[in-house]
Amino acid sequence: MEKDVITTSTSMVSLPELFSQTTFAVLDCIHAAKAVIAQTKNFERFSNFMEKITLILKELSKSNANDSESLRNGLAILNVEVKVVKQLADECGTRNKVYLLINCRKILKQLENSTKEISQALKFIPLASLDDLRTINKVTRLCKDLVEAEYSPCTGETTILEKIESGLRERNVDRCFVNDLFVLIAERIGIPSEHLAMKKELEELKADIRGSKPRISMTEARRMEQIIELLEMGDVMASSEEKAKRYQLERDSLGTQPFLALQSFYCPITMDIMVDPVEISSGRTFERSAIERWFADGNKVCPSTSIQLDSLVLQPNKTLRQTIEEWKYRNKMITIVSIKPKLKPNDGQEVLQSLSELQDLCTERELHREWVTFEGYIPILIGLLRVKNGEIRTQALAILCLLAGDSHENRERIAKEDYALESIVKSVARQIKESKLAIELLLLSSDDAQASRASRELLDNLSFLDQTVIEMAKANFFKPLLHLLSWGPDNVRLLMAKTLSEIEFTDHHKLSLVKDGGALGPLLQLLSHDNLGMKTVAVKALKNLSSLPQNGLQMIKEGALGPLFDILYRHSLSSPSLREQVAVVIMHLAKSTNAPASDDEQISLLESDEDIFKLFSLISFTGPDIQRNILEAFCAMCQSSSGPDIRAKLRQLPAVQVLVQLCEINNQTVRVRTSAVKLFYCLTVDGDDISFQDHVGQRCIQTLLKIINSSTDEEEISAAMGIISNLPNTIQITQWLLDSGALDTIFSFITDGNRNTSNKKLGIEDAARALRRFTVSTNKEWQRKVAEAGFIQVLVQLLVSGTSLTKHYAAISLKQFSESSASMSQPLKKTRAFICCFAASETGCQVHQGICTVESSFCILEANAVDPLVRTLEDGDLGAREASLDALLTLIDNERLQSGCKVLDKVNAIPPIIKLLSSTSNNLQEKALGALERIFRLPEMKQRYATLAQMPIVDITQRGSSGMKSMAAKVLAQLNVLGEQSSYF
């Protein structure tokens with residue numbers, strides 16, 4: 001009915017006018033899509049599709065395309081669908097932001113559906129009637145892109161939607177959950193998370209939903225109401241005064257005595273109050289972890305009744321859990337109220353115990369800290385800072401720091417209390433723990449600029465005490481320490497550098513000390529100081545700061561390498577521990593050259609051949625700690641932007657010989673061997689065979705296999721497997737590997753299900769790569785050993801579950817096996833005529849026409865490898881696609897064309913091969929085209945797949961290389977298309 005309406009309406013206008021109407025509708029849609037305030041990236045992607053359509057429409061209108069019903073229907077459907085999207089985009093430009101966020105999946109589904117409808121509309125265009133092949137190609141490619149287009153929410157939106165669904169599902173979420181949800185929503189839609197802005201947004205959302213009710217289903221309307229109810233549970237919507245009033249009402253309704261726990265709250269197994277109660281099939285409830293342990297021990301009866309259980313399924317007891325949560329909620333509030341009268345300004349033990357309990361409650365939840373504030377604890381805690389007992393003062397400071405960290409309102413409350421600043425400052429000059437908390441509180445003291453400036457001036461004035469400066473630094477106020485590090489006397493500079501070496505900084509503070517604080521200059525001065533103690537603390541401080549790559553790069557730029565190498569080379573006897581620390585710093589600096597920022601500036605650690613030689617030579621003359629760090633430094637440099645040059649120069653040194661020797665060390669304490677194996681692997685990545693043949697013998701191979709079999713270090717095992725895979729591909733080395741049991745080692749490594757790390761994946765890639773040397777079709781004896789060891793089934797499994805690179809290597813080995821199958825297949829036994837009447841005839845392999853097995857003829861059909869190979873044709877990795885295609889094409893070699901094509905047709909392999917014609921790889925395109933030239937020699941294949949292959953082949957005649965154009969023309973001639981389009985080839 002709808003199509004009839006479209007046909008009737010479009011038949012009343014001329015074709016040029018229809019083109020004009022459709023083009024204007026598309027342009028209007030593009031304009032609306034660019035004005036949206038939600039899902040901008042998804043609508044931008046849709047706009048890009050529409051811009052391509054406008055160009056196609058212009059080309060079609062100029063090409064004198066035949067006026068046909070099909071073309072008119074296509075334009076009419078396109079007209080309708082872009083208007084649908086325009087309306088959707090208009091809504092996304094005007095509606096409430098929270099509404100759009102909550103409904104983003106629905107919006108994107110509508111956008112996706114319209115995109116696919118538009119692709120169907122384009123298919124109505126009769127391509128055969130067009131003269132311009134470029135326009136045909138554009139339409140074909142755009143149709144494909146539109147069909148495959150998917151729009152999805154971003155990660156932040158998905159997180160919010162999942163939290164909303166969780167809140168609706170659980171129905172017993174607390175205010176903290178909703179408050180967190182509000183913060184996420186505010187960040188996502190770009191508004192402040194303070195209550196007035198959020199309240200305004202929620203009111204607009206309610207109005208938007210009320211306006212939408214006539215247009216949406218009852219189910220959707222109810223869902224939106226539930227979301228509103230969920231959001232209204234949050235405190236973000238209320239001002240501080242409103243929240244305080246709500247707290248007061250709840251507090252007054254509870255009384256002063258805690259509620260006793262009901263017997264049902266206790267787990268019958270642990271006798272503790274349950275956190276996650278679950279019900280079992282007997283109807284009894286237990287703590288989840290306790291009943292899971294009970295079942296894990298082999299018990300299949302109810303712990304309470306000893307009744308045999310029908311099922312071990314656990315069902316969450318949500319009602320009981322909610323009741324326990326409400327009981328805890330009320331009792332925590334009562335406890336907070338009851339502590340307050342006990343905090344009298346005296347030195348009693350009761351005050352300490354009460355403060356400890358209050359601190360635990362404040363640490364437990366933000367909601368408890370809010371209650372503490374509303375209960376008026378801040379003046380009481382400030383008052384306790386004036387008592388004589390240091391422990392009481394320290395605990396009071398700790399609680400005040402927790403409260404101050406929550407909100408600017410609490411910080412202002414603290415700053416406005418009488419004698420607050422004076423009391424906190426006095427604590428700065430007391431015991432270390434109290435001093436540190438006082439400094440932290442001063443730094444948090446207020447968001448008010450004047451109060452904050454006053455606090456920092458106080459801290460600056462207190463910086464004449466070295467210990468106070470150190471405590472300030474531990475509280476992340478570094479200015480006084482950096483001043484003394486630069487301008488203090490030597491003994492003070494030494495103390496400040498020592499402090500920098502001992503504090504555990506966050507990455508943010510490490511960066512600020514070097515980038516903004518200017519710590520690097522004074523430390524480099526101390527590094528060149530004549531005093532050995534000065535050098536030592538400077539090196540330790542640099543070690544602490546250099547673990548951040550950005551700092552390491554800055555140290556290289558500011559000349560830290562010269563003094564560091566000077567210590568490393570000259571202080572061999574005077575201070576071995578200092579050299580060890582320097583080696584760590586150099587290792588950190590080497591790793592920093594792998595940071596993204598270093599690629600732009602081409603920063604390198606070692607400039608000359610002599611520098612490389614000197615540093616590597618130390619490996620032979622130093623202890624294990626220095627050895628390991630130098631090896632790790634070279635590993636890092638080998639993976640940097642200057643890595644190829646470093647690797648080449650190391651191979652020119654006797655580096656391989658030294659590393660082979662170090663690989664035989666079995667000292668796991670300092671892991672020298674692990675670092676040596678890793679560097680050895682780096683050198684094999686792009687080395688020539690000559691670099692290794694003199695030093696890699698059967699003993700070295702046995703050592704590497706032993707490491708793979710016995711080491712507990714996944715990184716070392718993976719590196720050893722990498723070396724095996726990169727060894728020169730000579731007959732002698734392959735034979736040594738076989739004689740040393742390499743196949744057993746590789747098989748165990750691949751099939752060991754206990755390992756599941758990123759290093760394991762890399763190791764399996766290398767193991768699959770190593771197998772290629774044993775599966776070459778020129779040595780059937782090696783192939784037989786691999787097949788008998790069960791590797792063909794393993795290779796098929798790797799095609800299913802491996803990484804793209806693993807699939808690539810597995811497909812190569814299967815291809816090499818398949819190349820031998822025709823000659824290894826046993827001919828069928830001839831049966832005499834009279835016996836045939838009484839015995840079933842023996843059937844051979846569908847392709848090889850003989851008797852095939854996995855072990856005897858390595859047949860990939862018998863190994864069930866064909867389906868995984870076909871699926872790999874659509875893998876994202878070009879190498880895996882090409883290797884899988886090569887393996888499949890062994891089935892249609894020479895006289896096996898007809899039988900092989902039947903197999904490929906049966907497993908639906910030919911459409912993916914046709915898809916490869918559109919690959920970005922010329923090599924893959926050429927192989928696919930050559931394969932289709934053979935396949936289309938068979939009339940039944942040509943009849944079945946000619947239509948699917950025609951447009952991609954025409955595309956190659958326009959954009960392919962000269963060789964491929966010729967091949968494409970040949971295939972088109974096979975398909976009887978060349979005669980129709982001959983003037984274009």
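A residue is taken as buried when its relative accessible area is under 20%. The structure described here is a predicted model. Phenylalanine 858 has a relative accessibility of 1% and therefore counts as buried. This residue is located in the loop that connects α48 (854-857) with α49 (866-872). Although phenylalanine 858 is not a glycine, its phi is positive, at about 60°.

A positive phi is also found at methionine 271, again a residue other than glycine, with a value near 65°. Methionine 271 belongs to the loop between α12 (240-254) and β1.

Aspartate 713 provides a further case of a buried loop residue. Its relative accessible area is 14%, so aspartate 713 is buried under the 20% cut-off. The loop in question runs between α39 (698-710) and α40 (714-726). When residues up to four places away in sequence are left out of account, aspartate 713 touches Arg671 and Thr674. Between the C-alpha atoms of aspartate 713 and asparagine 759 there is a separation of 9.8 Å, while the two residues are 46 residues apart along the chain.

Over the whole protein of 985 residues, 50% count as buried. The secondary structure consists of 56 helices and 3 strands. Among contacts between residues at least 6 apart in sequence, 69% join residues that are at least 24 apart.

The 3 strands form an open sheet, in which the order is β2-β1-β3 and the pairing is antiparallel. Helix α13 (residues 288-296) lies across β1, β2 and β3, and its direction makes an angle of about 95° with β2.

In one of them, helix α25 (residues 490-502) and helix α28 (residues 532-546) have axes that come within 7 Å and cross at roughly 30°. Because angles under 35 degrees count as roughly parallel, α25 is roughly parallel to α28. The crossing of these helices, α25 and α28, is left-handed. On the α25 side the contact is made by Asp490, Leu494, Ala497, Lys498, Leu500, Ser501 and Glu502, and on the α28 side by Gly533, Met534, Val537, Lys540, Ala541 and Asn544. Sorted by class, the residues in the contact of α25 with α28 are 6 nonpolar, 3 polar and 4 charged.

The other pair is formed by helix α18 (residues 390-404) and helix α19 (residues 408-416), whose axes come within 8 Å and cross at roughly 135°. α18 and α19 are therefore oblique to each other. In this contact, Leu400, Leu403 and Ala404 of α18 meet Asn410, Arg411 and Ile414 of α19. By class, the contact of α18 with α19 comprises 4 nonpolar, 1 polar and 1 charged residues.

Key:
Residues are numbered from 1 along each chain as its sequence is written. This is a predicted model: local features need pLDDT of at least 70, side-chain atom pairs count only at pLDDT 80 or more; totals for chains, interfaces and linings use all residues. Side-chain values use heavy atoms; hydrogens and water are left out. Two strands pair if DSSP finds at least two bridges between them. Helices (H or I, at least four residues) and strands (E, at least two) are DSSP runs, numbered from the N terminus. Contact means heavy atoms within 4.5 Å. Axes are lines fitted to C-alpha atoms, for helices over the stretch in contact, and angles run from 0 to 180 degrees between N-to-C directions. Angles under 35 degrees count as roughly parallel, over 145 as roughly antiparallel, 65 to 115 as roughly perpendicular and the rest as oblique. A crossing is left-handed if the near helix is turned anticlockwise from the far one by less than a right angle, and right-handed if clockwise. Ala, Val, Leu, Ile, Met, Phe, Trp, Tyr, Cys and Pro count as nonpolar, Asp, Glu, Lys and Arg as charged, and the others, Gly among them, as polar. Buried means under 20% relative accessible area, exposed over 50%, partly exposed in between (1.4 Å probe, protein chains only).
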